[in-house]
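User: I am new to this structure and would like a close look at a single part, the nonpolar core. Please also describe what lies around it.

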Amino acid sequence: MDDPELAALRQKRMQELQQQAEQQQRQQEQQQQLEMQLQNAMRQILTPEARDRLNNIKLANPQQGQQIEMQLVQLAQSGRIPVPVNDDMLRSILGQITPKKREITIERR
């Protein structure tokens, strides 16, 4: 009843799906490994209070939190900041990194 060509196509498609699943799994493992390395680096670079502040920033704005983490790693690797960074120093770094927001006032007449 089964056509040999159809069986061969099914077999080929199953192999392709398995390869895609394996590739996705490898990518997820790599992503997790990078995340673990970044967390370890943050433990070395930041004090617990500064890590808490950074985690709060990541909760409010994940993209900005990731950018700050990357910049902190680069600053620490280049030796431009002393390690470990305390909360006050992190605040000053954040003040330099984040853009200033313009204050808008509306007057009613």
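Analyst: The largest nonpolar core in this predicted model has 17 residues. A nonpolar core here is a set of buried Ala, Val, Leu, Ile, Met, Phe, Trp, Tyr and Cys residues joined through side-chain atoms within 4.5 Å. Within this core, the residues with the most contacts are Met42, Ile45, Leu46, Leu72, Ile81, Val85 and Leu90. Helices α1, α2, α3 and α4 are the elements that give two or more residues to the core. Its largest share, five residues, comes from α3.

The model is predicted, so local features need pLDDT of at least 70 and side-chain atom pairs count only at pLDDT 80 or more, while totals for chains, interfaces and linings use all residues. Residues are numbered from 1 along each chain as its sequence is written, and side-chain values use heavy atoms, with hydrogens and water left out. Helices (H or I, at least four residues) and strands (E, at least two) are DSSP runs, numbered from the N terminus. Buried means under 20% relative accessible area, exposed means over 50%, and partly exposed is in between (1.4 Å probe, protein chains only). Contact means heavy atoms within 4.5 Å.

Gly65, Ile68, Glu69, Leu72, Val73, Leu75 and Ala76 are its buried residues. They lie on the same side of α3, because they cover an arc of only 165 degrees around the axis (the arc is that of the directions from the helix axis to the C-beta atoms). The other side of α3 carries Gln63, Gln74 and Gln77, which are exposed. An α-helix has 3.6 residues a turn, so residues three or four places apart point the same way. The buried residues of α3 pack against α1, α2 and α4. Just after α3 comes glycine 79, with a positive phi of about 80 degrees.

Helix α1 also contributes to the core. This helix runs over residues 4-45, and its 42 residues should span 62 Å at 1.5 Å a residue; the end C-alpha atoms are 61 Å apart, which agrees. Leu38, Met42 and Ile45 are buried in α1, and Met42 and Ile45 are among the core residues with the most contacts. The partners of the buried residues of α1 are α2 and α3. Another residue of α1 is glutamine 25, which counts as partly exposed at 45% relative accessibility.

Leaving aside neighbours within four places in sequence, leucine 90 is in contact with Leu46, Ala50, Arg53, Leu54, Leu72 and Val85. One of these, Arg53, forms a salt bridge with aspartate 87 at 2.6 Å, N to O. The pair ties together parts 34 residues apart in sequence, since arginine 53 lies in helix α2 (residues 48-60) and aspartate 87 in helix α4 (residues 87-97). A salt bridge is a side-chain nitrogen of Lys or Arg within 4 Å of a carboxyl oxygen of Asp or Glu, and by this rule the count comes to five.

Aspartate 87 is buried, at 16% relative accessibility, whereas arginine 53 is partly exposed, at 28%. With neighbours within four places in sequence left aside, aspartate 87 is in contact with Thr47, Glu49, Ala50 and Arg53.

Arginine 91 forms a second salt bridge with aspartate 87, with the closest N and O atoms 3.5 Å apart. These two residues both lie in helix α4, four residues apart, about one turn of the helix. Arginine 91 is partly exposed, at 45% relative accessibility. Its side chain also meets that of aspartate 88 in a salt bridge of 3.9 Å, N to O; here the separation within α4 is three residues, again about one turn. Aspartate 88 counts as exposed, at 54%. Through shared partners, these salt bridges join Arg53, Asp87, Asp88 and Arg91 into one network.

Methods
The expected span of a helix is 1.5 Å times one less than its number of residues.
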